[in-house]
Amino acid sequence: MTTRPDAEERFYDFVVVSNRLPVDSVVGGDGRQRWTQSPGGLVAALEPVMQSRDGAWVGWPGQADLDLEPFDTDGMHLVPVPLSALEVEHYYEGFSNDTLWPLYHDVIAAPSFHREWWDTYRLVNTRFADRTAEVAAQGGLVWVQDYQLQLVPKLLRELRPDLTIGFFDHIPFPPYGLFSQLPWRTQVVEGLLGADVVGFQRDADAGNFQQAVRRLKGYATKGSHIEVPLVDTSPGVRVYGPIKRGQASRTVIAKKFPISIDAAFYREAAARPDIRARARQIRGDLGNPKTIMLGVDRLDYTKGIRHRLEAYGELLAEGRVNPEEVILVQVASPSRERVLSYMQLRDEIELTVGRINGDYSEIGHQAISYHHQNYPRDEMVALYLAADVMLVTALRDGMNLVAKEYVASRFDSDGVLVLSEFAGASDELTRAVLVNPHDIDGLKDAIMAAIELPARERESRMRYLRKRVFENDVEKWSSGFLHVLVHHHAIVASASASASAGAGADSSSEA
Ligand code: G6P
């Protein structure tokens, strides 16, 4: 990765705004700063989009108190937004990941509500909007990403009404019964309605958002369209109810755009001789077991790792799975390590892994091969190729791109995907072995079915899954979203141009 400071500031026609930049500044054990690829599906999905467009990416470089000049890397122009240590604590770890994240994921963990976290969330969202307004060209296109920045669309529209603004929510949008717990629910909805198009992963998410709009603002929704009055939206002014006759309004589109991956990258990487050799080596190093099962997740309570381990532990205890023939490889990449619920989860998972290994591992063969680490993408592809069964047992997940990466890597049309029906990916990947991870007996049966699935059935299912993933890749996601955004903006612009032409004609006749 090469980086160079970019002294002269340009204006960009296309700007992506997300909490994280695609590269993360980390300080190693030797005290030296270096860049790594940022964690998570958002960055993985947006990186190829940005590399193919000459745009700017506004985001946080991943380390507190790091104030950097804009710089270029891997064909992308990055505009860092600094956060102080206290802002990281209140905005990122606090409001984003200890209030919104659990609230938006079915309250699997209890959300915490703190007023000072909300104040910092507003402040940081304002900083992101200000920085974006500085780099976006006149009439440019801005695409804001995810739950950390829900206030940015409205703030940005107030600063720069010339911009076309899109927002994409990568995580679920909760049903109103849960969303309504949020003390600042109305401000969040108003923030999102600042966008021209608000994108979601599933129909259910878009429906939940529209319901929140109806309940909190009283605006009418029809299909994916929401009519928002053009009125004073300054703080304290509360507008409620549908548009009155003759009242000026703008239309916001809220609909699903399921995100995906750079599928061709995975197919090509998996076909490479070095990666195939590495996959064989992994199998060999694991003792060439009959079945390798694989889990790959950020270490997050939404991913259902505990349920997966419980099911696997019971299968071992009941003798349905022979530890000499089967191994579970669990990659749990470090995540949000200073948030209490994540610390507790890590302790719980590692205790369980230790117990299962203590009870069922032999010298030279483990029941679970556990890795609290990040691996480069090539190594992940080798793992996908080596794995007979992929376990994705999320309790709630916006999409889950790991499921799609596994499918895209299986150019041999082999391997079985066990997929939670609570992951967005299950809407498309309907021929995976679908599971309800809360139903431990059902999950055990699904794991056994996956292990025992005959070769012909594996192939026919995998071919179907691959077709879906290759038809809907990340390029289709981004161009689909941006097409709707640009098209919608053009309609709105021509409608307002003809309205003002009409107004002009009136005034001249008066004169
Ligand atoms: C999910 C979220 C992203 C986030 C990623 C990693 O994919 O949707 O917005 O960046 O997790 O989490 P982190 O807190 O490390 O950014």
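A crossing of two helices is left-handed if the near helix is turned anticlockwise from the far one by less than a right angle, and right-handed if clockwise. The model is predicted, so local features need pLDDT of at least 70 and side-chain atom pairs count only at pLDDT 80 or more, while totals for chains, interfaces and linings use all residues. Residues are numbered from 1 along each chain as its sequence is written, and side-chain values use heavy atoms, with hydrogens and water left out.

The axes (lines fitted to C-alpha atoms, for helices over the stretch in contact, with angles from 0 to 180 degrees between N-to-C directions) of helix H3, residues 115–135, and helix H4, residues 152–159, come within 9 Å and cross at roughly 45°. The crossing of H3 and H4 is right-handed. Helices here are DSSP runs of H or I with at least four residues, numbered from the N terminus.

Turn now to the ligand. Around the ligand are 14 residues, of which Arg20, Tyr92, Asp146, Gln148 and Arg336 come nearest. A residue is near a molecule if one of its heavy atoms lies within 4 Å of it. Polar side-chain atoms of Tyr92 and of Arg336 lie 2.6 Å and 2.8 Å, respectively, from an oxygen atom of the ligand. For Asp146, a side-chain N or O atom is 2.6 Å from a ligand oxygen.

Methods: A polar contact is a pair of N or O atoms within 3.5 Å; within protein, one must be able to donate a hydrogen and the other to accept it, and residues adjacent in sequence count only if both atoms are side-chain atoms. Helices (H or I, at least four residues) and strands (E, at least two) are DSSP runs, numbered from the N terminus.
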